[in-house]
Each structure stands twice: as C-alpha cells, then as structure tokens.
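Colleague: I am new to reading structures. Could you take me through one, feature by feature?

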Amino acid sequence: MREQQRYDVWSAGAAYERYMGRWSRRVAERFGAWLDPADGLRWLDVGCGTGGLTAVVAARCRPRTVLGVDRSEGFVARARASASPPAHFVVGDAMALPVRDEACDAAVSGLVLNFLPSPAAAVARMARVTRPGGLVAAYVWDYAEGMGLLRRFWDAAVAVDPAAAPLDEGRRFPVCRPEALRAVWSGAGLADVSVVPIEVPTVFTGFADLWDPFLAGQGPAPGYLAALDPAARKRVRDALSATVPREADGSVALTALAWAVRGRRTGRAAR
C-alpha cells in the first residue's frame with residue numbers, strides 16, 4: 001500500500017484542474033442538483049481539493065455557511081483564490097475533522113474517499129459531525145469500469161508494463177461501485193441510503209489535450225508516469241494513443257462515470 005501511495009501526489013491546484021478538476025466540476029453540478037437540499041444549511045466539504053464542489057454548494061444550494069477542508073495547502077490556496085462568501089477553507093485532515101460533533105447540517109465529499117486510509121472510518125466521522133437528520137453524501141469515480149480516461153490509461157500502462165497492475169485505480173480502490181458505497185454508508189449507521197450514477201462527457205480537443213495533463217504529476221496515474229524513464233513513458237503514450245477513439249476533427253470523446261451516494265443520520269453516529 002505504501003508503495004502505491006507514493007504516487008498519490010496532490011499539491012498543485014492548477015495542474016489538478018487541467019487533469020481532473022474540469023471533469024469533477026461537471027459531476028459536482030449534477031451532484032448538487034440531485035441532493036436538492038433545503039436553504040440555509042451549514043455545509044462541510046471533506047477533502048475539498050481545489051474547491052469545485054464547495055463552489056457548487058455556495059452557488060446553488062443557498063447555504064448558511066460552507067467550509068471546505070483539505071490537507072493540501074496548495075489545493076486550499078487555489079480554492080481560496082476563487083472563493084466567494086459564504087465559502088471558506090481550512091487546511092485539515094479528513095480523518096480528524098476540525099469541527100465539533102453535530103456542527104453541520106450536511107457533510108459532503110467529492111472524489112476523495114478512496115484516497116483516505118479508511119473510507120469507512122472517514123464516513124463515520126462525517127456522520128458524527130452531522131446533526132441527527134442531517135445529510136451525508138459523496139461521489140467517487142467508477143475507477144473499475146466507467147471512468148473512461150483512467151480505464152484506458154491503466155489498460156495501456158499495464159499492457160506495456162505488467163508491473164503497473166497493482167497501481168491501477170480500478171484495482172486499488174474498491175469503494176467505487178454501488179454495492180461498496182451502500183455498504184459503507186449503512187455501516188456508518190446512515191439511513192435512507194441511495195446510490196445513483198452520474199455520467200459526464202469528457203471531450204478533449206486532441207490527444208495532446210488528453211495526454212499532457214498526465215505529465216503534471218498530480219494523482220496516481222501522473223505520479224506513475226513521472227517515475228518512468230522517457231522511453232518507457234513514450235511506450236505508454238503510444239499504447240494509449242493507439243486505443244482512444246478520434247473524431248474527424250481529431251478530438252477525443254470519452255465519458256466519465258461517477259457514483260453518488262447519500263444517507264441521513266438518524267441518531268448517534270458510528271464511531
């Protein structure tokens with residue numbers, strides 16, 4: 001696990017935005033619409049990253065307050081630079097949230113659960129800081145099947161370098177399918193659990209628009225590439241290029257599937 005985690009670099013907000021943030025924000029918009037919350041709630045965004053989900057909550061959910069928490073100082077700085085009231089951000093750990101029990105009406109998280117030491121423990125903490133009757137919700141990429149960009153990348157990487165197989169996010173991250181998400185939410189003592197798919201188009205202007213963000217070192221796949229020598233990196237690039245579909249204008253049209261889950265805290269949260 002430690003060998004795998006050394007590739008999980010999250011520090012440069014601008015690089016992340018081009019690599020994954022631009023697609024995450026589209027999912028966040030649909031996630032916010034699905035939640036359809038009441039006005040005036042106190043929100044917590046756990047693992048807020050560069051602030052995409054926090055911004056959606058602030059813009060469309062009419063919150064009383066919304067606090068984004070992330071352990072990356074670079075990501076928090078990026079989020080703060082584009083934030084507007086009532087959103088604010090702090091550097092903090094999702095496994096030791098810097099808020100008191102029952103302080104929130106809604107605790108949400110976007111694309112972070114599988115990068116935490118224990119997704120189940122993290123959701124239990126989210127439940128604990130949420131008031132009884134409050135909302136606990138999240139979304140994650142379907143790393144195993146439906147996140148086309150990453151699925152095609154790891155298939156190409158493993159074809160070139162079989163030793164990359166243990167790094168494949170579809171293999172590493174089991175909490176990326178409906179059954180696993182439902183089990184985690186139920187295990188945290190949450191009620192009325194529901195899981196839905198959210199699919200967004202990921203259209204790249206050309207192969208370079210798809211490939212170049214992988215070279216910025218933000219996340220498991222880019223981290224893996226950064227550790228390769230130039231010749232090996234080119235072999236992965238060529239293998240990926242050979243598999244992606246291209247339109248007549250050279251653009252590459254893929255889709256990205258995320259699973260969204262929500263539940264309500266009914267009483268004392270699991271610890």
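This is a predicted model: local features need pLDDT of at least 70, side-chain atom pairs count only at pLDDT 80 or more; totals for chains, interfaces and linings use all residues.

Colleague: What is the strand order of the open sheet?

Modeller: Start with the terms. Strands (E, at least two residues) and helices (H or I, at least four) are DSSP runs, numbered from the N terminus. Two strands pair if DSSP finds at least two bridges between them. Here seven strands form an open sheet in the order S3-S2-S1-S4-S5-S7-S6, with mixed pairing. Its edge strands are S3 (87-91) and S6, each pairing on one side only. On average, neighbouring strands are turned by 20° against each other, direction ignored.

Colleague: In which sense do S2 and S3 pair?

Modeller: They pair in the parallel sense, over five bridges. Valine 69 has valine 90 in S3 as its bridge partner. S1 and S2 also run parallel, joined by five bridges. There, arginine 42 stands opposite threonine 65 in S2. As a general idea, side chains in a regular strand alternate between the two faces of the sheet.

Colleague: Which strands does helix H6 touch?

Modeller: Contact means heavy atoms within 4.5 Å. Axes are lines fitted to C-alpha atoms, for helices over the stretch in contact, and angles run from 0 to 180 degrees between N-to-C directions. H6 (residues 148-160) packs on the sheet and touches S6 and S7. Its direction makes about 115° with that of S7. H8 lies across S5, S6 and S7, running at about 140° to S6.

Colleague: How many residues of helix H5 are buried?

Modeller: Buried means under 20% relative accessible area, exposed over 50%, and partly exposed in between (1.4 Å probe, protein chains only). H5 (residues 119-128) is mostly covered, with seven of its ten residues buried. Among them are Pro119, Met126 and Arg128. The buried residues of H5 pack against S1 (42-46), S4 (104-110), S5, H8 (178-187), S6 (190-204) and S7 (252-265). S1 is mostly covered too: four of its five residues are buried.

Colleague: Why does arginine 64 count as exposed?

Modeller: Arginine 64 counts as exposed because its relative accessibility is 58%. This residue sits in the loop between H3 and S2. Arginine 64 touches Gly40, Leu41, Arg42 and Pro86, not counting residues up to four places away in sequence. The C-alpha atoms of arginine 64 and proline 86 are 7.0 Å apart, although 22 residues separate them along the chain.

Colleague: How many cavities does a search of the whole structure find?

Modeller: On a 1 Å grid over the protein atoms alone, a cavity is a set of points where a 1.4 Å probe fits but cannot get out; lining residues have an atom within 4 Å of a point. Grid points are joined across faces, edges and corners, and a volume is the space filled by probe spheres set on the points. The search finds one cavity of 30 Å³ or more. The largest cavity holds about 470 Å³ of space.

Colleague: Which helix gives the most to the lining of the largest cavity?

Modeller: H2 does, with seven residues. In total, 34 residues line the largest cavity, with Gly47, Gly49, Gly110, Leu111 and Val112 nearest its centre.

Definitions and conventions:
Residues are numbered from 1 along each chain as its sequence is written. Side-chain values use heavy atoms; hydrogens and water are left out. On a 1 Å grid over the protein atoms alone, a cavity is a set of points where a 1.4 Å probe fits but cannot get out, and a pocket is an open set with protein on both sides within 12 Å along at least five of seven lines; lining residues have an atom within 4 Å of a point.
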